[in-house]
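Dear colleague,

I am passing on the structure that follows, and below it I have set down what was found. Please read the notes alongside the coordinates.

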Amino acid sequence: MKETAGTTEALERLRDAEMTPGICYVCPWTCPTEVYTRKGEIVYVRGNTRASTKGSRCVKGEASHVLAKDDNRLKHPMRRVGPSRFERITWDEALTQIARKLTGIKATYGPEAVAYLWHVDPNSVFAQLFLTECYGTPNYYGHTSACEQDRRLAALTVLGHVFPVHDYENAKFIMLLGINMLGANQNLFESRGLLAAVAKGARLVVVDPAFTATAEKASEWIPIAPGTDGALLFAMAHVIVQDKLYDEAFCRQWTHGFDEFCRHVVARGYTPEWAAGITDVPADKIRRLAREFATTRPAMLETFKGLGNYANGLDASRVVYILDALTGQVDGPGNLILKDWAPLQPPLTIPEARKTKPGKPPLHVAMGYPLAPDLPTQLLPKAILEGTPYPVKALFFQCTNPVMSEPNTALYRKAVQALELSVAIDTYFSETAAECEFVLPEASFYERAEIRQSLAMPPEAIICVPALAAYHEARPVYDIVRGLAEKMGYGDLFRWNSWEEWGRRIIKDLPTDLDTLKKTGFWSGELTYHKYTRTGFATPTGKIELMSEAFAKHGYNALPEYRDRQVIPDEAYPFQLINSKFEMHCNLTTQNNPILLRIRGENWAELNTSDAARLGIRDGDRIEVASPQAAVTIKAKVRAGIRPGVVCVRHGHGFGHWQGIAKGRGTHINPILGTNVNPISGGIGYNECKVRIRKVSG
Ligand SMILES: Nc1nc2c(c(=O)[nH]1)N[C@H]1C(S)=C(S)[C@@H](COP(=O)(O)OP(=O)(O)OC[C@H]3O[C@@H](n4cnc5c(=O)[nH]c(N)nc54)[C@H](O)[C@@H]3O)O[C@H]1N2
Ligand SMILES: Nc1nc2c(c(=O)[nH]1)N[C@H]1C(S)=C(S)[C@@H](COP(=O)(O)OP(=O)(O)OC[C@H]3O[C@@H](n4cnc5c(=O)[nH]c(N)nc54)[C@H](O)[C@@H]3O)O[C@H]1N2
Ligand code: SF4
Ligand SMILES: [Mo]
């Protein structure tokens, strides 16, 4: 009875509801959705059933309707008036003052002293066009160095593609190293594909010091010693080379440096016996895995953050893709897909005559990281506090909270405080906003428009149509940038009557129109395989580079090598700290959501049962986790499913400033992490940290 009444009530709410296509922005995977509203309120949201995600949504997206009415959101612009004091100001005051400061900074230090940072990038292209083309700074960056910078540079230099996606569903052998597809979900169609593959009998091998949600579904879990995957991968390459299990015809035609790579792994002695001593994976198991991988079709290897979290992660990630190349299956069914992008155009064009050419190279180049696919953000404090390689005086933070998400929290906070201009564009009062001079409220994805690339296998564009009126005074970034452009003499270039005007410009090369897109929510092109046979690979040689010409050009070793990670546990700090995510939270974005907070109200540190018993720690005790840099206390989670000697902290929680309900819950681990920057990619080594632990209270 009760259920029937509930169903009737739910259906009643849906009567006459209007559907607008949306994009979920809770995590970087931007799933296409359908948002149903009635009388200006959300009544129902579901995944777009016709798009590539087949209607999937995760719990984080599902709970996100709370955003629309969350009283803790930023409601109006604010300006700092004291150490922890902000006053409300109008948009006009905010934009006038920011514009004045931008003009002053450009006159004194040059436009390059201004940088713009984002994480997930809602409409950031407007800021890019204004700052890089009109104002004249080359420093427009994402936050990839805090994320998958090593994997990204590996994919770019080996395969010539920034972001391979995966046809897990049709694979027969899948080996995942440092990627928790079912716990830190990435494309939902991929998670579904992975489960479908396992159900059809595919072999899933998970290499991870922790028994993750993905390992739970695997045929085999390999609890490797942290930071040693490179050795395992090289040894697999050694077996494939010695047994001639590679696809020689493919390698001769489509790879560069095939003979050199084969000689290299043999000459270096990267044998399974050598790797066994490093990885703690027995040599015969390594041999078996290599043979299974090379003789099963389709078979693929993939990684994400787990390898890049160490100083040796870049070369390890390169070897993942090199192994994929050796068996000749890349960009085929059941494998890595080097996706085509939808032909989207910029929303507006800046005429040549109005452009300002930057006088200095972009920061990543000036910092000595010419190959870095994104800014090595851990070096920003040096640029701000010491003026090296050149002074940075102003930062914009959109959709990113680096004061909390970067390591070395105290230094990063000090750097933000030292800026002449700091602007946080956020939906909430983040830890970074709390250090900034100006805090600007951005409209959420329920209130703004966007047309962007999807991360589907075929080329696909997705659209977000505003479903709700603006939340208080919050504005989308395109309106914020337009306001700034007006104040700085570029208003005529950033003029439109409605978002549809620039929306039509973005899709002008798509074989569809805006009205259709507004009904369907997406445009999808044809999925094609083996595109390289027509175009080659987008590398300097047009081939998959087992030996990287880009590396050689910049004086780095063209062939990957195995090195130890940087920080190794010792007697004083006997544990390796590693990081991972929660299934039901995303980074530092969802902790204020009451539904998600009820499911997971705080984070914890996981340690092995045997370590815990030795130290007298029981599940749920509070422990101190101390690195050579600092110490924090956190709840202990004792489990068998983690390698002894490893402490795994689940990221998220531990907010101090945030005004919402997440404040004071759980522990922020980043203050104990030191600065660790990969010397080539500029990626952050979050796991380069040794710790000691002790029980604080039961
Ligand atoms: N639910 C949820 N989903 C998310 C996110 C989230 O916060 N929550 N965040 C999103 C973002 S921004 C990203 S970048 C992705 C991240 O996606 P993943 O990279 O899959 O996520 P992490 O939890 O960082 O996973 C890293 C894994 O590496 C393992 N690991 C640590 N050290 C080693 C090692 O030495 N070798 C091996 N083989 N493994 C190791 C960790 O135990 C962990 O399981 O997830 C995205 N999806
Ligand atoms: N210790 C540890 N640290 C980590 C990680 C880890 O595993 N362990 N993971 C790392 C990884 S993979 C990543 S990607 C980074 C991510 O770190 P960040 O780049 O800092 O991103 P988030 O943590 O997701 O924080 C996003 C911010 O954007 C805001 N926001 C959410 N939606 C919107 C919106 O629509 N518009 C605007 N303007 N703002 C919005 C949120 O309120 C929040 O303040 O963290 C890294 N830091
Ligand atoms: S995976 Fe979940 S949180 Fe991420 S975009 Fe999709 S529905 Fe939103
Ligand atoms: Mo990330």
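Throughout, buried means under 20% relative accessible area, exposed over 50%, and partly exposed in between, with a 1.4 Å probe and protein chains only. This is a predicted model, so that local features need pLDDT of at least 70 and side-chain atom pairs count only at pLDDT 80 or more, whereas totals for chains, interfaces and linings use all residues. Residues are numbered from 1 along each chain as its sequence is written, chains are lettered from A and ligands numbered from 1 in the order in which they are written, and side-chain values use heavy atoms, with hydrogens and water left out.

**Salt bridges**

Taking a salt bridge as a side-chain nitrogen of Lys or Arg within 4 Å of a carboxyl oxygen of Asp or Glu, a search of the whole structure finds 47 of them. In one, lysine 75 is paired with aspartate 71, with 3.0 Å between the closest N and O atoms; lysine 75 is partly exposed at a relative accessible area of 21%, while aspartate 71 counts as exposed at 57%. Another joins arginine 151 to glutamate 148, where the closest N and O atoms are 2.5 Å apart, and both of these residues are buried.

A further bridge, with closest N and O atoms 2.9 Å apart, connects arginine 203 and glutamate 220. This pair links distant parts of the chain, 17 residues apart, with arginine 203 in strand 10 and glutamate 220 in strand 11; helices (H or I, at least four residues) and strands (E, at least two) are DSSP runs numbered from the N terminus. Arginine 203 is partly exposed at 23% relative accessibility, whereas glutamate 220 is buried at 10%, and Arg203, Glu220, Arg288 and Glu292 are linked in a network of salt bridges.

**Nonpolar cores**

A nonpolar core is here a set of buried Ala, Val, Leu, Ile, Met, Phe, Trp, Tyr and Cys residues joined through side-chain atoms within 4.5 Å. The largest has 107 residues, and those with the most contacts inside it are Met175, Met236, Leu323 and Leu326; helix 8 (residues 229–242) contributes the largest share, ten residues. Apart from this core lies another of 54 residues, including Ile105 and Trp499.

**Cysteines**

With a disulfide defined as a pair of cysteine sulfur atoms within 2.5 Å, the structure holds zero disulfides. The sulfur of cysteine 399, a partly exposed residue at 30%, lies 9.9 Å from the closest cysteine sulfur, that of cysteine 586, which is too far for a bond.

With best regards
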